[in-house]
Amino acid sequence: MIDAEEAFRIGLVNRLVPADRLLPECEALLRSILENGPLAVRACLETVDAGLDMAVDQALLLEANNFGLLSATADMQEGTKAFVEKRKAAFKGV
């Protein structure tokens, strides 16, 4: 067991927040994640979940496969176009 400061120092966590700010900070992080393409968010969650029970090489292959699948979506095209045009993307989940 280690305390929060040590977890932060060794890079196990990337931020520390006071207990009374934990829920609002989590909600803000969730909102920022949900601004991304829904297909990509879903693939990330599924990859992390499945990858926990895989060898590293298998998990990396799963990640690469999901990236390949996502690169053919309209959301990928929209995200790239929005980035180039310096505007917020309008993802549709397709």
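Visitor: Where is M54 placed, and what makes it count as buried, partly exposed or exposed?

Guide: M54 sits in the loop between α3 and α4 (56-70), where helices are DSSP runs of H or I with at least four residues, strands are runs of E with at least two, and both are numbered from the N terminus. Its relative accessible area is 31%. Buried means under 20%, exposed means over 50%, and partly exposed is what lies in between, with a 1.4 Å probe and protein chains only; 31% falls in that middle range, so M54 is partly exposed. Residues are numbered from 1 along each chain as its sequence is written. The model is predicted, so local features need pLDDT of at least 70 and side-chain atom pairs count only at pLDDT 80 or more, while totals for chains, interfaces and linings use all residues, and side-chain values use heavy atoms, with hydrogens and water left out.

Visitor: Which residues does M54 touch, leaving aside those up to four places away in sequence?

Guide: M54 touches A59 and L62, where contact means heavy atoms within 4.5 Å. By comparison of positions, M54 and L69 are 15 residues apart in sequence and 20 Å apart in space, C-alpha to C-alpha.

Visitor: How do you know that E6 and R9 form a salt bridge?

Guide: A salt bridge is a side-chain nitrogen of Lys or Arg within 4 Å of a carboxyl oxygen of Asp or Glu, and the N to O distance between the side chains of E6 and R9 is 2.8 Å, which meets that limit. Side chains of opposite charge can pair when their charged atoms come close. Both residues lie in helix α1 (residues 4-9), 3 residues apart, about one turn of the helix. An α-helix has 3.6 residues a turn, so residues three or four places apart point the same way. E6, at 27% relative accessible area, is partly exposed, whereas R9, at 61%, is exposed.

Visitor: What makes the pair E46 and R42 a salt bridge as well?

Guide: The closest N and O atoms of E46 and R42 are 3.0 Å apart, so the pair passes the cut-off already given. E46 and R42 both belong to helix α3 (residues 38-51) and are 4 residues apart, about one turn of the helix. The relative accessibility of E46 is 43%, so E46 counts as partly exposed, while R42 reaches 56% and therefore counts as exposed.

Visitor: How many salt bridges are there, and which other residues take part?

Guide: The structure holds 5 salt bridges. Among them is one between the side chains of E25 and R21, at 3.6 Å, N to O, and E78, E85 and R87 are linked in a network of salt bridges.

Visitor: How do you know that the buried residues of α5 share a side of the helix?

Guide: The buried residues of α5 are D75, E78 and A82. They cover an arc of only 60 degrees around the axis, which puts them on the same side of α5; the arc is that of the directions from the helix axis to the C-beta atoms. These buried residues pack against α3, and on the other side of α5, Q77, F83 and V84 are exposed.
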